[in-house]
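Hello,

Here is the structure I promised to pass on. Please have a look, and then read on for what turned up in it.

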Amino acid sequence: MTPTITAFESSPDRGRGLARDMRVRWALEEVGQPYDVRLLSFSEMKESAHRNLHPFGQIPTYEEGDLTLFESGAIVFHIAERHGGLLPEDANARARAIAWMFAALNTVEPPIVDRSMAVLLEHDKSWHKERLTILEDRVHVRLGELSGRLGDADWLDDAFSAGDLLMVTVLRRLNTWGVLEKYPNLSAYVARGEARPAYKRAFDAQLAVFTGKPPTS
Ligand code: GTB
């Protein structure tokens, strides 16, 4: 059965692949699962038809037969569990890959989102500069730790996994800040993720929504 996901009809990122449907598209492309996309306006996201699928009125959602899911991490995990290629077969390696999925969403993404929100929503506050310094320091702490752990490895735990997929999408949110350049191994790690054919297909598909032109690949 072909799953259907939801995405922004008009993404505020202007097709840069920063919204969270990107990670779901990428996971589906990695495992070779075709999918349909239902595009939603901001007002449609808040209507009861969509809230029945997503309690917080957000994207992405995932529908497959009688299963409906929300939360991008849960969706990627479901895809990784149902198909080969995103989680290792070995039980311990699988558990570690899942730990990296949680680390991406629970430990690395929150300070990055806090900093983005401050830039977007608090720039006119008298205390903005001081708060931004605090938030940026927190991001640097996490990036330093992650960079130290990754070292010169290609991926976080041996082979590419759903943990890497989520971590790369989380780190990409830093692109507009330019801070990743200070962590060459993390920049290279993100570039490695972006070079994967499945990533490119997913990126082109979400970009096509913004440009109105079909994907080139
Ligand atoms: N924890 C949830 C998940 O992982 O699925 C969070 C889902 C979420 O935040 N969805 C956002 C949304 O629906 C879109 S991705 N927002 C509308 C709302 O809450 O009303 C977040 C996002 C949006 C835009 C950019 N951007 O423009 O760069 C980046 C990320």
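A term to start with: on a 1 Å grid over the protein atoms alone, a pocket is an open set of points where a 1.4 Å probe fits, with protein on both sides within 12 Å along at least five of seven lines, and its lining residues have an atom within 4 Å of a point. Grid points are joined across faces, edges and corners, and the volume is the space filled by probe spheres set on them.

Some notes on the source: this is a predicted model, in which local features need pLDDT of at least 70 and side-chain atom pairs count only at pLDDT 80 or more, while totals for chains, interfaces and linings use all residues. Residues are numbered from 1 along each chain as its sequence is written, and side-chain values use heavy atoms, with hydrogens and water left out.

The pocket

The largest pocket holds about 1200 Å³ of space. Its lining comprises 40 residues, and L18, R20, V113, M117 and R173 lie nearest the centre. By class, the lining has 23 nonpolar, eight polar and nine charged residues, with Ala, Val, Leu, Ile, Met, Phe, Trp, Tyr, Cys and Pro counted as nonpolar, Asp, Glu, Lys and Arg as charged, and the others, Gly among them, as polar.

The cores

A nonpolar core is a set of buried Ala, Val, Leu, Ile, Met, Phe, Trp, Tyr and Cys residues joined through side-chain atoms within 4.5 Å. Buried means under 20% relative accessible area, exposed over 50%, and partly exposed in between (1.4 Å probe, protein chains only). The largest core has 50 residues, and I79, L86, M167 and L171 have the most contacts inside it. Helix α5 gives the most to this core, with eight residues. A second, separate core of five residues includes F8, A19, M45 and I59.

Two residues to look at

V37 sits in strand β2 (residues 36–40) and counts as partly exposed because its relative accessibility is 31%. Beyond its neighbours within four places in sequence, V37 is in contact (heavy atoms within 4.5 Å) with I5, A7 and R25.

E136, in helix α6, is buried, with a relative accessible area of 17%. Setting aside neighbours within four places in sequence, E136 contacts R115 and W177.

Best wishes

Note on methods:
Helices (H or I, at least four residues) and strands (E, at least two) are DSSP runs, numbered from the N terminus.
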